[in-house]
Amino acid sequence: MVSVPRLVIAAPASGSGKTTVATGLMAAFAERGLAVSPHKVGPDYIDPGYHALATGRPGRNLDAYMCGPDLVAPLFAHGASGCDLAVVEGVMGLYDGASGQGELASTAQVSKLLRAPVVLVVDASSQSRSVAALVHGFASWDPEVRIGGVILNKVASDRHEALLREALDESGLPVLGVLRRAPQVATPSRHLGLVPVAERRTDALDAVRAMGDRVREGCDLDALMALARSAPDLSGGAWEPEPYPRPEVRPEVRPVVAVAGGAAFTFAYAEHAELLTAAGAEVVVFDPLHDEKLPTGTAGLVIGGGFPEMYAPELSANEPLRTAVTDLALSGAPVAAECAGLLYLARELDGRPMCGVLDASARMSERLTLGYRQAVAVADSVLAVAGTRLRGHEFHRTVLEPGAGPTPAWGLHQPERRVEGFVQGGVHASYLHTHWAAAPEVARRFVERCRG
C-alpha cells in the first residue's frame, strides 16, 4: 500500500498559473522541512526542472499515453517513496488529454488513478461572480474527480477578492489561497513551455524562491496539507527498474554509457538513467558544450532532447567532441539520439557544421510539430527489434531534410502515416521522444549492445 499525502494541481485551461502554484507549493513545503516528491502530468521535460530546484528531488513525469494508465500509480509510488508529501502539476485544462482519446492522459484521469484530491487554480483576472459557475462546472463534470478546493490567481485587489470569495461561498468549495498579480515572478518561455533551468539556473532559483514566497503568503498551507492527507491509500507496489544481470558477465564489468547533458540537452526522464544502470551500465553525464572528449571508456552514447538550435554556434565550435562522437558512431557503437540528439548527429544545423553522422541537414522552422504518436520499429536496431510498438511524443520547431534515412527508425501511425528517423549501423536517431519505463527491454537491449 502507498500512503503518501498528495495533491494534484489543475486548472480550467493552460496559462492559469499551475506551474507557479505547483512549484511554489513544493518550495514552501520543502522550506518547512518536508520531503516533497514532485511530479508532472504529461510528456513535459521543462517544468520538472523547476520542480527539482524547489524540492531537491528529481522531477518525474506521469504520462498515461506513453506509459499506459496501469503504470501511472506505480511510477508515482516509485518517485514518492519515503516522502512526506507529493505534489502533481497537471497539464493543460483539467479534462484535456490526448487528442481524440477521451480522458486519456488528462490531469483528470491521473487524479483518478492516484485517488488524489485536486486543487483548481483559477485565473480570476477578468471575472467576479462568474467564477462560481466555472468552478461548479469543473467540480460536477466528472463525479470521480474530487476537487477539494480552489486557489484564485491574478486577483487585482481586496475588493476583487471579496467578490470572488462571496461567489464561491455558494459553491461549497473552500478557497485555499489567493495570489495577487505579480509579473516579477514570470519566467521566460519558449515553444509553449518555460526556458529550461539549465539555461538560466541563477534566475530560475530566484523565480522558484519568488513562487515559494507568493504561495506561502497567499495560501493556507495547513489546509492544503490536510487535504493532501485525506487521500486514501493506493493499492499495489512501486515501479522499480529491475536488475538485468547476465550470469556469464562479472557484475563489476559495467559498460560506460555516456549521456549528453548541460544546457543544450536538458530533456531526459529520470527513469532512463535508472533503467540503464539496472541493466548493468555505468551512466556518465557529459556536456557537449564544454567537454572536448567523451567519458573514458565510452561504449555507448545517449543524446536526448533539448534546444540545440539555441547553442548551435557553441556545439559546432566544439570540433574535438564532434569528431569523437562521429568516430564512436562510425565504429558501430550503440548511439541513441532523440530530437535534439538527432539534429546534433546531422550534417549541419542552421548552416553550422554538426557531427555529420547522418547525411541530413536541419534548420529552424516557423511550424511547431507537437503531439502524441503511435510508432512501430521499421527495422532491428540497438533499441528495438522490427515490429516493436511504442507510443511517443514529438515536440520540435525544426525540419530535417531528408526526414528519414534509407532505413527509417519508426513508422508513425498518428495523426498520419509516415516514416521518420534513421537506423544506421549502431545509430538509432529520431525526433520521437519515448518513455523507456513503458518498455524496459529498450534499455536492456541497448546495454547488451554496449557489451559487444
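Guide: Start with the cavities: by the rule used here, the count comes to one cavity of 30 Å³ or more. This is a predicted model, where local features need pLDDT of at least 70, side-chain atom pairs count only at pLDDT 80 or more, and totals for chains, interfaces and linings use all residues. Residues are numbered from 1 along each chain as its sequence is written, and side-chain values use heavy atoms, with hydrogens and water left out.

Visitor: What makes a set of points a cavity, and what makes one a pocket?

Guide: Both are found on a 1 Å grid over the protein atoms alone. In a cavity, a 1.4 Å probe fits but cannot get out. A pocket is an open set, with protein on both sides within 12 Å along at least five of seven lines. Lining residues have an atom within 4 Å of a point. Grid points are joined across faces, edges and corners, and a volume is the space filled by probe spheres set on the points.

Visitor: What volume does the largest cavity have, and which residues lie nearest its centre?

Guide: Its volume is about 70 Å³. The lining has 13 residues, and Gly-306, Phe-307, Glu-309, Phe-395 and His-396 lie nearest the centre. The largest share, four residues, comes from β17. Helices (H or I, at least four residues) and strands (E, at least two) are DSSP runs, numbered from the N terminus.

Visitor: How do the lining residues of the largest cavity divide by class?

Guide: They divide into seven nonpolar, four polar and two charged. Ala, Val, Leu, Ile, Met, Phe, Trp, Tyr, Cys and Pro count as nonpolar; Asp, Glu, Lys and Arg count as charged; the others, Gly among them, count as polar.

Visitor: What about the second largest pocket: what is its volume, and what lines it?

Guide: The second largest pocket has a volume of about 990 Å³. It is lined by 42 residues, with Phe-265, Thr-266, Phe-267, Ala-268 and Tyr-269 nearest its centre. Elements that give two or more residues to the lining include α2, β10 and α9. By class, the lining has 28 nonpolar, 12 polar and two charged residues.

Visitor: How many aromatic pairs does a search of the whole structure find?

Guide: The search finds eight aromatic pairs. One of them joins Tyr-45 and Phe-267, at 4.8 Å centre to centre and 5 degrees between the planes.

Visitor: Why is that pair called stacked?

Guide: Rings of Phe, Tyr and Trp (its six-membered ring) pair if their centres lie within 6.5 Å; planes under 30 degrees apart count as stacked, over 60 as edge-to-face and the rest as tilted. Tyr-45 and Phe-267 have 4.8 Å and 5 degrees, so they pair and are stacked. The two residues are 222 residues apart in the chain. Ring pairs also link Tyr-45, Phe-267, Tyr-269, Phe-307 and Phe-395 into a cluster.

Visitor: Why is Leu-205 called partly exposed?

Guide: Buried means under 20% relative accessible area, exposed over 50%, and partly exposed in between (1.4 Å probe, protein chains only). Leu-205 has 27%, so Leu-205 is partly exposed. Leu-205 is in helix α7 (residues 201-218).

Visitor: What makes Met-92 and Asp-350 stand out in their phi angles?

Guide: Met-92 is not a glycine, yet its phi is positive, about 50 degrees. Asp-350 is not a glycine either, and its phi is positive too, about 50 degrees. Met-92 has 36% relative accessibility, so Met-92 counts as partly exposed. Asp-350 has 37%, so Asp-350 is partly exposed.

Visitor: How do you know that the buried residues of α8 line one face?

Guide: The buried residues of helix α8 (residues 221-229) are Leu-221, Leu-224, Met-225, Leu-227 and Ala-228. Seen down the axis, they fall within an arc of 160 degrees, so they line one face of the helix. The arc is that of the directions from the helix axis to the C-beta atoms. On the other side of α8, Asp-222 and Arg-229 are exposed.
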